[in-house]
Amino acid sequence: PTLGLWVQPRLGAWSDRINRRVPFVVGLSLIALAGIATIVSAIPLTRALGFNATNNSDDDDSISRTTIVMAFLGFAAADICFDCLLIPGRSLLHDYSSSSSSSD
């Protein structure tokens with residue numbers, strides 16, 4: 001949420017300035033989807049990057065810190081994108097609703 005206080009107003013102003021909202025909605029949705037996929041597949045991704053996904057000691061089979069960081073980064077990306085989708089998404093809905101009501 002703290003990063004959103006800085007990013008959201010700038011993103012909204014940028015989408016208003018270029019008057020194109022669909023690329024923002026699509027781009028943020030894809031990044032959010034990648035973040036969710038990172039959360040779900042944090043262990044295989046950690047192994048694919050060459051790190052140990054679990055602690056391999058005999059008495060401890062817990063998840064490694066690298067895997068936790070990977071999942072946290074995925075969560076952070078998804079969270080900020082979901083928050084930032086509100087501004088261009090609402091503007092896009094307003095654009096479509098005002099254009100359809102003016103054609104009636």
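Mentor: A helix here is a DSSP run of H or I covering at least four residues, and helices are numbered from the N terminus. By that rule, Arg65 belongs to helix H4. Please bear in mind that the model is predicted.

Trainee: How many helices and strands are there in the chain?

Mentor: The chain has 4 helices and 0 strands. Read from the N terminus, the order of elements is α-α-α-α.

Trainee: What share of the residues in the chain is buried?

Mentor: A residue counts as buried under 20% relative accessible area and as exposed over 50%. Of the 104 residues in the chain, 27% are buried. The chain exposes about 7,200 Å², with 65% of that area supplied by carbon and sulfur atoms.

Trainee: Is Arg65 buried or exposed?

Mentor: Arg65 has a relative accessible area of 72% and is therefore exposed. Its C-alpha atom is separated by 8.9 Å from that of Asn55, a residue 10 places away along the chain.

Trainee: Is Thr46 buried or exposed?

Mentor: Thr46, which lies in helix H3 (residues 42–48), is buried, because its relative accessible area is 0%. Setting aside neighbours within four places in sequence, the contacts of Thr46 are Phe51, Asn52, Ala53, Thr66, Thr67 and Met70.

Trainee: What share of the contacts in the chain join residues at least 24 apart?

Mentor: Among contacts between residues at least 6 apart in sequence, the share is 63%.

Trainee: How is the span of H2 to be read against the span expected at 1.5 Å a residue?

Mentor: H2 has 19 residues, and the distance from its first C-alpha to its last is 27 Å, close to the expected 27 Å.

Trainee: What are the C-alpha separations of Ala34 from Ala78, and of Gly27 from Cys81?

Mentor: Sequence separation and spatial separation should be read side by side. Ala34 and Ala78 are 44 residues apart along the chain, and their C-alpha atoms are separated by 7.5 Å. For Gly27 and Cys81, 54 residues apart along the chain, the C-alpha separation is 9.1 Å. Both Ala34 and Gly27 have their place in helix H2. Ala34 counts as partly exposed because its relative accessibility is 43%. Gly27 is likewise partly exposed, with a relative accessible area of 28%.

Trainee: Which element supplies the largest share of the nonpolar patch?

Mentor: The largest share, 5 residues, comes from H4. With a relative accessible area of 47%, Phe75 is classed as partly exposed.

Technical notes. Residues numbered from 1 in each chain as written. Predicted model: local features only at pLDDT ≥ 70, side-chain atom pairs only at ≥ 80, totals over all residues. Heavy atoms only, no water. Helix = DSSP H or I, 4+ residues; strand = E, 2+ residues; numbered from the N terminus. Buried < 20%, exposed > 50% of the residue type's maximum accessible area, 1.4 Å probe, protein only. Contact = heavy atoms within 4.5 Å. Areas by Shrake-Rupley, 256 points an atom, 1.4 Å probe, with all protein chains shown as cover. Expected span 1.5 Å × (residues − 1).
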